[in-house]
Amino acid sequence: MSHYGNIKSYDSGKGRGTITPEKGGDALHFVKADLQQEAAEPKVGQRYGYQTRQVGGGEPQATDLRQQEQDEAQGSQDVQRDQASQQQG
């Protein structure tokens with residue numbers, strides 16, 4: 001299940017940050033390796049979708065973070081591609 005939240009903090013030197021869930025609750029930690037677009041550094045306030053995992057009985061962490069604007073743009077490209085192939089075929 002995907003969750004959504006906003007970046008609360010990100011330290012590019014350490015490659016770590018936190019995201020605040022939209023539905024409330026404590027901020028979750030994440031690392032740069034958990035970002036789908038590792039080259040693009042998240043900025044405070046940006047909205048991301050993410051999954052959660054719990055390691056070794058510790059606190060949950062955010063994983064598989066995806067910036068929402070990119071997901072929405074990709075979805076619209078997929079729709080356009082499908083429409084074009086239907087017109088050709």
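At 26% relative accessibility, D64 counts as partly exposed, a class that lies between buried (under 20% relative accessible area) and exposed (over 50%), computed with a 1.4 Å probe on protein chains only. D64 is found in strand 5, and its phi is near 55°, a positive value in a residue other than glycine. Most residues other than glycine have a negative phi. The model is predicted, and local features need pLDDT of at least 70, side-chain atom pairs count only at pLDDT 80 or more, and totals for chains, interfaces and linings use all residues. Residues are numbered from 1 along each chain as its sequence is written, and side-chain values use heavy atoms, with hydrogens and water left out.

T63 also lies in strand 5, but T63 is buried, with a relative accessible area of 10%. Leaving aside neighbours within four places in sequence, T63 is in contact (heavy atoms within 4.5 Å) with D34, Y50, Q51, T52 and R53.

## Chain architecture

The protein chain has 1 helix and 5 strands, where helices (H or I, at least four residues) and strands (E, at least two) are DSSP runs numbered from the N terminus. Read along the sequence, these elements follow the pattern β-β-β-β-β-α. Of the 89 residues of the protein chain, 25% count as buried, and residues 24 or more positions apart account for 41% of the contacts with a separation of 6 or more.

The structure holds 1 aromatic pair, formed by Y10 and F30, which are stacked at 5.9 Å centre to centre with 10° between the planes. Rings of Phe, Tyr and Trp (its six-membered ring) pair if their centres lie within 6.5 Å, and planes under 30 degrees apart count as stacked, over 60 as edge-to-face and the rest as tilted. The pair links distant parts of the chain, with Y10 in strand 1 (residues 3–11) and F30 in strand 3 (residues 28–31), 20 residues apart. Both Y10 and F30 are buried.

K14 is found in the loop between strand 1 and strand 2 (16–21) and is exposed, with a relative accessible area of 59%. K14 and V31 are 17 residues apart in sequence and 8.6 Å apart in space, C-alpha to C-alpha.

Q46 is found in the loop between strand 3 and strand 4 (47–54). A polar atom of the Q46 side chain lies 2.7 Å from the backbone nitrogen of K43. Not counting residues up to four places away in sequence, Q46 touches G5, N6, I7, E41 and Q67.

How values were computed:
A polar contact is a pair of N or O atoms within 3.5 Å; within protein, one must be able to donate a hydrogen and the other to accept it, and residues adjacent in sequence count only if both atoms are side-chain atoms.
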